[in-house]
Amino acid sequence: MPIQSHLIFDFNMGPQAFVLCKCLIDNFTIHDGHVAIRGSTLDSVLFRVGVIAALRSKKLDGLAVGVMVTASHNPEQDNGVKVVDPRGEMLEGSWEAHATNLANAPTTDDFLAVLDTLIRTTKIDISKPARVVYARDTRPSGVALVAALEDGLSAIGAEGRNAGVTTTPILHYLVKAINTKNTPESYGDDSEEGYFQKLGTAFQNLVAGRPPLEALLIDCANGVGALAASTLTEYLDGSLSLILENASISTPGALNFACGADYVKTMQRLPPSLADRLKPGQRACSLDGDADRLMYYYLDERGIFHMLDGDKIAALVAAFIVDLVKSAGLENEVKVGVVQTAYANGASTKYLAGRLPVKCVATGVKHLHHAAEHFNIGVYFEANGHGTVLFSPSTQSKLALYQPSTPAQSTALKHLINLTQLINQTVGDALSDILLVEVVLAHKSYTGIEWDSLYVDLPNRLVKVVVNNRNAFRTENAERRLLSPPGLQSKIDELVRRYDGGRSFVRPSGTEDVVRVYAEAVVRSQADELAFRVAGLVYDAAGGDPSKRPKEFL
Ligand SMILES: CC(=O)N[C@H]1[C@@H](OP(=O)(O)O)O[C@H](CO)[C@@H](O)[C@@H]1O
Ligand SMILES: [Mg+2]
């Protein structure tokens with residue numbers, strides 16, 4: 001039976017999960033038929049994910065677990081699945097391995113054997129209740145996948161709740177809201193309405209009395225973000241005008257095609273469909289296919305495109321929060337920190353490090369999220385636009401109990417408390433992040449131009465190198481240095497020293513079968529040259545065929 005679409009099996013654990021998905025596809029291609037439960041390869045995976053999610057819920061005494069059917073920024077014909085833990089966060093690390101084993105079991109008998117081992121070794125009481133809330137994005141293949149997921153849930157007797165077609169961050173919100181319902185930690189009403197109400201109210205409180213900003217143009221990537229952004233408008237009550245572009249959710253093939261956050265970041269250009277829509281100086285932004293990534297940008301007077309990526313969002317937001325904490329008189333008690341990866345532009349790191357602690361972690365949202373939890377207020381963004389701000393539980397209680405001594409302190413405190421409501425702290429959320437950015441712009445009276453001038457990005461270049469075995473590339477120091485192949489790192493160091501403001505690092509991708517090379521330098525031509533020289537070193541060190549060496553590698 002032919003594979004119907006490319007499956008991305010992402011437990012929302014970052015790059016590792018995507019690699020697993022590749023093995024999964026291979027396995028199912030080879031063993032298709034043995035594992036098919038509803039007659040289709042992808043269906044069988046979703047069936048298994050239903051079982052996994054239900055077991056996770058049983059293990060946690062029936063707390064609700066989430067399942068999101070989406071392939072995010074990938075092409076429309078792809079599909080995938082993300083599993084959400086009860087706090088609305090990513091699936092716990094050890095369960096990623098369990099889930100992988102279950103999903104990869106070649107035959108139904110193997111699957112049952114793995115299931116049995118898992119239940120015994122992790123001591124799951126299968127008589128416990130299980131609750132799973134699930135949703136899908138706008139991909140047509142999602143309908144059948146949700147049906148297969150429901151079969152998996154029924155097979156194990158789990159209670160399912162279908163949240164319909166919605167964004168990944170809304171599903172994360174729902175999971176947390178369901179599990180905190182009627183508790184002092186209530187995250188909000190466990191409905192989409194509760195989500196929009198929470199964000200809309202906090203936004204209106206935060207911009208009250210500020211002159212309204214010019215309308216914001218949103219490229220919805222022809223995905224589910226179009227539906228959510230349209231609903232959000234109703235809850236903003238005129239406090240911010242949103243112009244929705246690329247909102248054609250039912251045009252076949254349109255999803256993420258020549259638009260969306262990933263297109264903008266990778267191509268470093270305006271989606272062509274916006275060319276005659278965007279006026280010089282006007283702010284615009286792009287969501288990805290499941291609305292958990294966000295890129296801002298604008299055209300200057302000469303029509304030149306300027307990108308305001310995750311690093312620029314982190315700089316804007318972190319500086320604003322630091323100022324509020326100070327204005328509230330809490331700077332000695334509440335420490336704000338930022339988490340980045342090695343892909344963060346060097347200029348952003350320099351800007352931020354002059355103001356607050358900055359930590360660099362390995363690529364992948366799980367690493368950023370966990371590192372951000374160690375700060376009282378942790379701001380994290382990947383350069384690609386996925387990120388959020390976490391307020392630790394003790395900080396939230398501190399804010400609730402704090403007695404300000406001046407009106408200025410009281411105002412700053414109110415703003416901080418409203419930010420805890422505005423920001424989706426479970427996961428990066430493009431809509432919540434839009435509102436956060438817009439609050440800061442309104443408070444600072446910034447246009448995109450002033451925001452952009454906080455620091456000037458260093459020219460940079462990302463190059464992919466196809467190698468025989470990317471596992472031969474091992475890294476240390478948050479993926480900034482290579483441990484192997486032996487001798488390669490010192491060659492890179494030697495090369496980097498020759499470039500003004502040069503920085504370069506090499507790491508194996510977790511989502512594609514390539515090694516990535518990143519380089520930056522003060523001058524654009526130098527950044528490109530450095531990247532292609534390092535790419536050449538990588539190609540040769542990996543034993544690449546000289547006759548097939550890409551000609552741009554130096
Ligand atoms: C350079 C780059 O953009 N890397 C991306 C990409 O990971 P790689 O391991 O580099 O393939 O996909 C990840 C998952 O979406 C995302 O977290 C990360 O930022
Ligand atoms: Mg996404």
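First, the ground rules. The model is predicted: local features need pLDDT of at least 70, side-chain atom pairs count only at pLDDT 80 or more, and totals for chains, interfaces and linings use all residues. Residues are numbered from 1 along each chain as its sequence is written, while chains are lettered from A and ligands numbered from 1 in the order in which they are written.

Now the overall fold. The chain has 18 helices and 19 strands. These are DSSP runs numbered from the N terminus: helices are H or I with at least four residues, strands E with at least two. Of the 554 residues, 52% count as buried, meaning 20 or more other C-beta atoms, placed from the backbone, within 10 Å of the residue's own.

On to the site. Which residues does the UniProt "binding site" annotation cover? The unreviewed entry lists Ser72, Asp288, Asp290 and Asp292. Positions follow the numbering used here, feature names are shortened, and annotations may be inferred rather than shown by experiment. The four spread over 221 residues of sequence, yet they cluster in space, with a largest C-alpha distance of 8.1 Å.

Take Asp288. It sits in the loop between β8 (284-287) and β9 (294-299).

Asp290 is in the loop between β8 and β9. Asp290 is buried too, with 32 other C-beta atoms within 10 Å. Leaving aside neighbours within four places, Asp290 contacts Ser72, Asp137 and Gly223, among others.

Terms used:
A residue is buried if 20 or more other C-beta atoms lie within 10 Å of its own, exposed if 12 or fewer, and partly exposed in between; C-beta atoms are placed from the backbone. Two residues are in contact if their C-beta atoms, placed from the backbone, lie within 7 Å.
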